[in-house]
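The following questions and answers walk a new reader through a protein model. Please look at the sequence and the fold before reading on.

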Amino acid sequence: AIESDASPALDLKCLRMLRVSSAAFTAYRFGLAALVLCCWTGSAAATEPVKIAVFPFELEEFSAAAEQGSSPDESSFLSQSTEEAKKQLLQSGRYSVIDTAGADIAAAKGQGLRNCHGCEAPIAMQLGADQALLGVVTKISMMEYVVQLQVRDAHSGEVVSKYSTGLRMGANYSWSRGVRSLMKNAMLATE
């Protein structure tokens, strides 16, 4: 038995305080658990990858060789650039890439997506994407290129972001390296 010099009234008062403290502590623990659960589910929803349709990169030709049309090498380098953009987006974990192979791009026939005034947005939306990425390589001369990336919101059609980099004294096989640099140092660095 525990002996105490305190009066029975004091013991009763301490017992009541202990019960109130215990009830308050239990309520505190449940409140804390609810807060943690709410934050945890909120952050899980916030990290859901953005669905983005990456359309094949296009060549905009301003060099003296424009009259000859694009070479098979240039077509290959455009494909490599498109694949590099997809690879960087997937590796970031912030995007899931929507396949555009079966897309109906009739609105861009003969002019390219870059000149159809945002028609890539509704096409991306039909594919189930939230955003559309359009890449353009502008060939100024045989050794001077500009790589541009443009992202549109598929629902509103508004341009979300634009990035570009110039490649001076570069060869056409460096286009995908320009894309990688833009993705890592601009598009994926700011989000």
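Two strands pair if DSSP finds at least two bridges between them, where strands (E, at least two residues) and helices (H or I, at least four residues) are DSSP runs numbered from the N terminus. This is a predicted model, in which local features need pLDDT of at least 70 and side-chain atom pairs count only at pLDDT 80 or more, while totals for chains, interfaces and linings use all residues. Residues are numbered from 1 along each chain as its sequence is written, and side-chain values use heavy atoms, with hydrogens and water left out.

Q: Over how many bridges do β4 and β5 pair?
A: Strand β5 covers residues 144-153 and runs antiparallel to β4, and the two form a hairpin with 2 residues between them. Within this pairing, Leu134 stands opposite Gln150 in β5. The number of bridges that join β4 and β5 is 10.

Q: Which residue in β4 stands opposite Glu58?
A: Strand β2, residues 58-61, runs parallel to β4 and is joined to it by 4 bridges. Strand β1, residues 50-54, also pairs with β4 in the parallel sense, over 3 bridges, and there Val54 stands opposite Leu133. For Glu58, the residue opposite in β4 is Val136.

Q: How many of the 11 residues of β4 are buried?
A: Buried means under 20% relative accessible area, exposed means over 50%, and partly exposed lies in between, with a 1.4 Å probe and protein chains only. By that rule β4 is mostly covered, and its number of buried residues is 9.

Q: Is Thr138 buried or exposed?
A: Thr138 lies in strand β4, residues 131-141, and touches Glu60, Phe62, Glu144, Tyr145, Val146 and Gln148, not counting residues up to four places away in sequence; such a contact means heavy atoms within 4.5 Å. Because its relative accessible area is 7%, Thr138 is buried.

Q: Which side chain does a polar contact of 3.0 Å join to that of Thr138?
A: A polar contact is a pair of N or O atoms within 3.5 Å; within protein, one must be able to donate a hydrogen and the other to accept it, and residues adjacent in sequence count only if both atoms are side-chain atoms. At 3.0 Å, the partner side chain of Thr138 is that of Gln148.

Q: Why does His117 count as exposed?
A: His117 is in the loop between β3 (95-98) and α3 (120-126), and it has a positive phi of about 60° although it is not a glycine. His117 counts as exposed because its relative accessibility is 78%.

Q: Which element gives the most to the lining of the largest pocket?
A: On a 1 Å grid over the protein atoms alone, a pocket is an open set of points where a 1.4 Å probe fits, with protein on both sides within 12 Å along at least five of seven lines, and lining residues have an atom within 4 Å of a point. The largest pocket is lined by 15 residues, of which Arg114, Leu134, Val136, Gln148 and Gln150 lie nearest its centre. The elements that give two or more residues to this lining are β4, β5 and β6. With 4 residues, the element that gives the most is β5.
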